[in-house]
Amino acid sequence: MDYCLSRTTILLPRLQVPYSYHAHDRLTRASCFGSSRSRSRSSLVVVASAEAVSSLNTPLVPGSLPGKFLSGVLQNQRQCFHVAVAEQLRDLADDRDAARARRNLSYGSASSSESCLHRLLHRRIAELKEHDCEIAVEEIMYLLIFYKFSEIRVHLVPRLCRCIYNGRLEIWPSTDWALECIHSFEVLEMIKEHLTTVLGWKPNSNVTENWATTQIRRFQLGQIYAASILFGYFLKSASTRHHLEMSLLHTNHDHDLPSSNVSGFWSYGLKDLFLAPNGGSSQPTSLGQASTRQEKTEEKKLKCYVMGFDPETLQRCAKLKSKEAVNLVEKHSCALFGDEKTGLLETDDVISTSFSSMKRLVLEAVAFGSFLWDTEEFVDSVYKLKEN
């Protein structure tokens, strides 16, 4: 069994498309979608064909027009997906800015001919438009995460109700290796410790132990999944920070520069990464201390590095940076584990499953969090996300 995935689902080839777009992409955009005048017509064609073809089979189904359009592009014109995403994000950013300008204008002094009701109407229209843009951006982020899963040939687990046979939840194939290979060795070691903590999983367990039947409440399993998403997000943030600090130390050592001379890197957005939260000190939080013991610091592993975080640094790395990311994690978790009728997570259902299936869910959640960090960084560079 293939955990309710359609047998006709086609695994798309892996493409290496960077999250960057330049002026020369205009030719690609033109070849994919034609001119802007004919884009709306081609969009309708893609969406219609997407409805005729099998869906993406994800727990969360895109409902906005940009989400449906990009779903069709992802299935039928995959090579144009990232170009289409950039176009949609730019259009949504323009729409949101126009909505905010309209809302702000409604707060201004009205002319004698403009009634209070008219101003309230304009304000409400602007708020609804801004909300629609927010939902569309969340769905675009979701599709970008789905794309990254498809690159490693892993399907997102569909709604749990579609994975339960005779009262037992089994997820097959497990694809554990594909979900583990995206992480470095140090990160993978921390993920194994996480599996032991949340599931009681043993790294040296045999096949019989992995497939032994166990019972867990659906709500508890949903909590573990959501916490694992946040853990994956944290690991990506912490490992990126660790890599940057080690790179700067090596750079300073090679060029015989003082470790505090990192102002050249601040123009690339690294200032908040190293400065204290209050922004009042120009001394990096860890580089200044590390310079006196450079050889020892360079040998520091990721786990030891993370254990040395102060509470404020730990919170900065673990906290989702945008409200869109918070909403996306909540919606995806509810769609996956929620009641089929109500969609709520608060359910007392008890699920019979195995440690192997629960491990598969946790590994997917950790990968989801890691991909969410990448996606959030990219989307924020085009469409300014709301700060969490």
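A: What follows goes from the whole chain to single contacts.

A: This is a predicted model, where local features need pLDDT of at least 70, side-chain atom pairs count only at pLDDT 80 or more, and totals for chains, interfaces and linings use all residues. Residues are numbered from 1 along each chain as its sequence is written, and side-chain values use heavy atoms, with hydrogens and water left out.

Q: OK. How many helices and strands does the chain have?
A: There are 16 helices and 4 strands. Helices (H or I, at least four residues) and strands (E, at least two) are DSSP runs, numbered from the N terminus.

Q: And what share of the residues is buried?
A: Of the 388 residues in the chain, 45% are buried. Buried means under 20% relative accessible area, exposed over 50%, partly exposed in between (1.4 Å probe, protein chains only).

Q: Switching to helix pairs. How do α3 and α5 pack?
A: Their axes are 9 Å apart, at an angle of about 20 degrees. Axes are lines fitted to C-alpha atoms, for helices over the stretch in contact, and angles run from 0 to 180 degrees between N-to-C directions. The two helices are therefore roughly parallel to each other. The cut-offs are under 35 degrees for roughly parallel, over 145 for roughly antiparallel, 65 to 115 for roughly perpendicular, and oblique for the rest.

Q: Which residues meet there?
A: From α3, P66, G67, L70, S71 and L74; from α5, A136, E139, I140, L143, F146 and Y147. By class, this contact of α3 with α5 has 8 nonpolar, 2 polar and 1 charged. Ala, Val, Leu, Ile, Met, Phe, Trp, Tyr, Cys and Pro count as nonpolar, Asp, Glu, Lys and Arg as charged, and the others, Gly among them, as polar.

Q: What does Q88 touch?
A: Leaving out residues up to four places away in sequence, Q88 touches P66, F69, L70 and I140. Q88 sits in helix α4 (residues 81–107) and counts as buried, at 13% relative accessibility.

Q: Now α15 and α16, at what angle do they pack?
A: Helix α15 (residues 323–337) and helix α16 (residues 355–382) pack at about 155 degrees, with axes 11 Å apart. That makes α15 roughly antiparallel to α16. The contact is made by A325, L328, V329, H332, L336 and F337 of α15 with L361, E364, F368, L372 and E376 of α16. Its residues split into 8 nonpolar, 1 polar and 2 charged.

Q: And the strands: how many bridges join β3 to β4?
A: There are 5 bridges between β3 (residues 213–217) and β4, and the strands run antiparallel. Two strands pair if DSSP finds at least two bridges between them. T213 has S354 in β4 as its bridge partner. Strand β4 (residues 350–354) is largely enclosed by the rest of the structure, because 4 of its 5 residues are buried.

How values were computed: Contact = heavy atoms within 4.5 Å.
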